[in-house]
Amino acid sequence: MRVRPVFDGSDGAQFDGAQFSLNSRLILDHVSIAWGVDETLDLYEADDVTIQWSTIESSATTGHPEGAHNYGLINGPDGHRITIHHNLFAHHKARCPAVANGPADIRNNVAYNVRHGFVHHNQASGQFNIVGNAYIKGPSDQLIPFYFDGSAGAGLKYFLADNYIDDPGKFTGVVDNPWQRPYLHPSFSRLNKPESHRATTQFNFSRDVPGYTPVTTHRAQDAQRLVLAKAGALPHDVVTKGVLANVARRDGAWGARTVRNLMEGLTPGTAPTDADRDGMADAWEREHGLNPSNAGDHTRVMPSGYTAIEEYINELAAALISEAEGSLAMDQGD
């Protein structure tokens, strides 16, 4: 899914790229969102959320009553239990992401051309894993990968490991403990809390949070390569391709750079035969014991527990991901 709203001059304080601020039990996977005026992705009071393998791009610098408000993603103060992994945040001033409350898993994300990477922007509490992320300085501003706001609520602890910082002239390398030199620098860090808030062992949310599923975690620099190749709606559209080109060239700028033709570079395929117009190809229905002449069997619950239409669509998505993985392997000479 690609979400590209063009600001219409309405209430900029509520003009988000996508808004799920009162939702719960939510997963966004391989979604591309751009051009929000308030937030690009608003999860303000959302609970039990996973955002994965998505691109959060190019927030707007105009249209908000407070002035430039080009922010990435926010969860809190009343959101709880969030996992944000294998996403690209690009061309935002801040909130890449902003999460107020733990338990929170922030891992294997890439942030490019942002001022603030991980922040709270609301009173912070709980436990945070911040692992294997990559923060790459761009041309629009200085880079502050970790901005721990001054507030400290109940049980606040941070576990950080294998976070890669690419900021030529200041620091380039892996950071496990941002309170230690040579990373710590007055113009580069805004930790705002003593090292006593640092945890030395990773939090086991599988044990402590019912229903939590661990994330497959990669080394930060491997994650950077994977995210740039596979995150977002596939195949990548002209907006995401432009952002990826910016990352590769270390150029680009903040702001919503709308395009005239969002389908540019995307070639529609030929739709398969679907006699009953239930959204599933006749050949697939026959392979799975369904009736190509019965328009109602898309709701049949399959042995997996999912409906037939869900299984069909998921297989189409899996094929696109497999194609992206194949292209990545070819680029590496595998």
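The largest cavity in this structure has a volume of about 30 Å³. The model is a predicted one, and the count of cavities of 30 Å³ or more comes to one.

**The cavity lining**

Lining the largest cavity are Cys 96, Pro 97, Ile 106, Asn 109, Val 110, Ala 111, Asn 133, Ala 134 and Tyr 135. Two elements, β13 and β16, each give two or more residues to this lining. Sorted by class, the lining holds seven nonpolar residues and two polar ones, with no charged residues.

**The sheet**

β13 and β16 also belong to an open sheet of eight strands, in which the pairing is mixed. The order of the strands across the sheet is β1-β4-β7-β10-β13-β16-β19-β20. At the edges are β1 (2–3) and β20 (171–175), each of which pairs on one side only. Helix α3, made of residues 238–249, packs on the sheet. Helix α3 touches β4 (32–34), β7 (55–57), β10 (88–92), β13 (110–114) and β16, and its direction makes about 80° with that of β10.

**Strand β19 and its partners**

How do the two neighbours of β19 pair with it? β16 (residues 134–136) and β19 (residues 163–167) pair in the parallel sense, over three bridges. β19 and β20, in contrast, pair in the antiparallel sense, over five bridges. The table gives residues that stand opposite each other in these pairings.

| Residue | Opposite residue | Strand of the opposite residue |
|---|---|---|
| Tyr 135 | Ile 165 | β19 |
| Asn 163 | Val 175 | β20 |

Two residues in the table, Ala 134 and Tyr 135, are also among those that line the largest cavity.

β19 and β20 form a hairpin, with three residues between the two strands. In the turn, Gly 169 has a positive phi of about 95°.

Are the residues of β19 buried or exposed? Five of its five residues are buried, and the strand is mostly covered. The cover extends to both faces of β19.

Technical notes:
Residues are numbered from 1 along each chain as its sequence is written. This is a predicted model: local features need pLDDT of at least 70, side-chain atom pairs count only at pLDDT 80 or more; totals for chains, interfaces and linings use all residues. Side-chain values use heavy atoms; hydrogens and water are left out. Two strands pair if DSSP finds at least two bridges between them. Helices (H or I, at least four residues) and strands (E, at least two) are DSSP runs, numbered from the N terminus. Contact means heavy atoms within 4.5 Å. Axes are lines fitted to C-alpha atoms, for helices over the stretch in contact, and angles run from 0 to 180 degrees between N-to-C directions. Buried means under 20% relative accessible area, exposed over 50%, partly exposed in between (1.4 Å probe, protein chains only). On a 1 Å grid over the protein atoms alone, a cavity is a set of points where a 1.4 Å probe fits but cannot get out, and a pocket is an open set with protein on both sides within 12 Å along at least five of seven lines; lining residues have an atom within 4 Å of a point. Grid points are joined across faces, edges and corners, and a volume is the space filled by probe spheres set on the points. Ala, Val, Leu, Ile, Met, Phe, Trp, Tyr, Cys and Pro count as nonpolar, Asp, Glu, Lys and Arg as charged, and the others, Gly among them, as polar.
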